[in-house]
Amino acid sequence: MAGRMVVGSAALADLVRPASAPDPAGGHRVLPVRAELTGLLPSRGLRRGSTVAVGAGQPRRSGATSLILALLAEASRAGSWCAVVGVPTFGAGAAAEAGIALDRLALVPDPGPEWPTVVAALIDGVDVVVTAVPATVSASVATRLAARARQRGSVLVPYGRWDGADVTLQVVRGVWQGLGPGRGRLRRREVTVSARGRGAAARPKEIKVWLPGDELTRVIPRSAGLGAPAVAPSRRLRVVAPPARTLAAAGPA
């Protein structure tokens, strides 16, 4: 990796807009996702103001993290800022390989008890906010954060159970490939992803993709050879410390 920059709460404050400021006029209303995932989303992308939950699965290593990487990659490459909150195992190396621009990625591995304030502050100034869902989160806090994302034009991506999401994506099956008889290495996973939601997403959908695969993510054809995933160039990682008292006013609306 080319380098790493540690940014404190003062720098995070510079990223956020005032809570009263409107969603930027003329901004692209749908952030792009890889073509293979468009069929799972009613707007064929990450619609600004929406909540797209990713089920953690049982166990958590079921492939949900790879799905999050695939969701973020295209928006990041198109210039969007992304943030990941409360996922200390989120790997910068894997993010870079997925095509995520590390110089536009904010990480808050441990937000502590101020989790709602941290997420709300990031919603104010970051295009896509992924957050692990604490077991103790109340329905009222979840509702306020989703409403804030709608007001601010950000995409909220809860990682875990989140009632009321516009769309919930879940890896329901997964099989690793790459190992031969007594040799080889794990290269990619064949996963089945389901989507369910409300409104335009009320009809359940399901697709099967490689995560990662050729060009990192693609729909599985009837017959497919094995190939090593492409690796994106290394980029700088920006780590953001949990906000201090100066951001307390940016709590959920």
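Author: Start with a term. Helices and strands here are DSSP runs, numbered from the N terminus; a strand needs at least two residues. Arg44 sits in the loop between strand S2 (30-31) and strand S3 (46-47). The model is predicted.

Reader: What makes Arg44 exposed or buried?

Author: The cut-off for exposed is over 50% relative accessible area. Arg44 has 53%, so Arg44 is exposed. Its phi is near 60°, a positive value in a residue other than glycine.

Reader: Why is Ser50 called buried?

Author: Buried means under 20% relative accessible area. Ser50 has 4%, so Ser50 counts as buried. Ser50 lies in the loop between S3 and strand S4 (52-54).

Reader: How do you know which residues Ser50 touches?

Author: Contact means heavy atoms within 4.5 Å. Leaving out residues up to four places away in sequence, Ser50 touches Ser154, Val155, Leu156 and Asp166.

Reader: What makes the pair of Ser50 and Arg47 a polar contact?

Author: The limit is 3.5 Å between N or O atoms, one able to donate a hydrogen and the other to accept it. A polar atom of the Ser50 side chain lies 2.6 Å from the backbone oxygen of Arg47. That distance falls within the limit.

Reader: How do you know that S5 pairs with strand S6?

Author: Pairing takes at least two bridges. S5 and S6 (residues 105-108) have four, in the parallel sense.

Reader: What about S5 and strand S7?

Author: S7 (residues 128-132) also pairs with S5 in the parallel sense, over four bridges. Here the partner of Cys82 is Val128.

Reader: What covers the case for calling both faces of S5 covered?

Author: Residues on both sides are buried. Cys82 and Val84 lie on one side of S5 (residues 82-85), Ala83 and Val85 on the other.

Reader: Why is helix H4 called largely enclosed?

Author: H4 (residues 115-125) has eleven residues, and nine of them are buried, so the rest of the structure largely encloses this helix. Among the buried ones are Trp115, Val118, Leu122 and Asp124.

Reader: And what does the chain as a whole come to?

Author: The chain has five helices and 13 strands. Of its 253 residues, 49% count as buried. The accessible surface is about 12,100 Å², with 53% belonging to carbon and sulfur atoms.

Terms used: Residues are numbered from 1 along each chain as its sequence is written. This is a predicted model: local features need pLDDT of at least 70, side-chain atom pairs count only at pLDDT 80 or more; totals for chains, interfaces and linings use all residues. Side-chain values use heavy atoms; hydrogens and water are left out. Buried means under 20% relative accessible area, exposed over 50%, partly exposed in between (1.4 Å probe, protein chains only). Accessible areas come from the Shrake-Rupley method with a 1.4 Å probe; for residues, only the protein chains shown count as cover.
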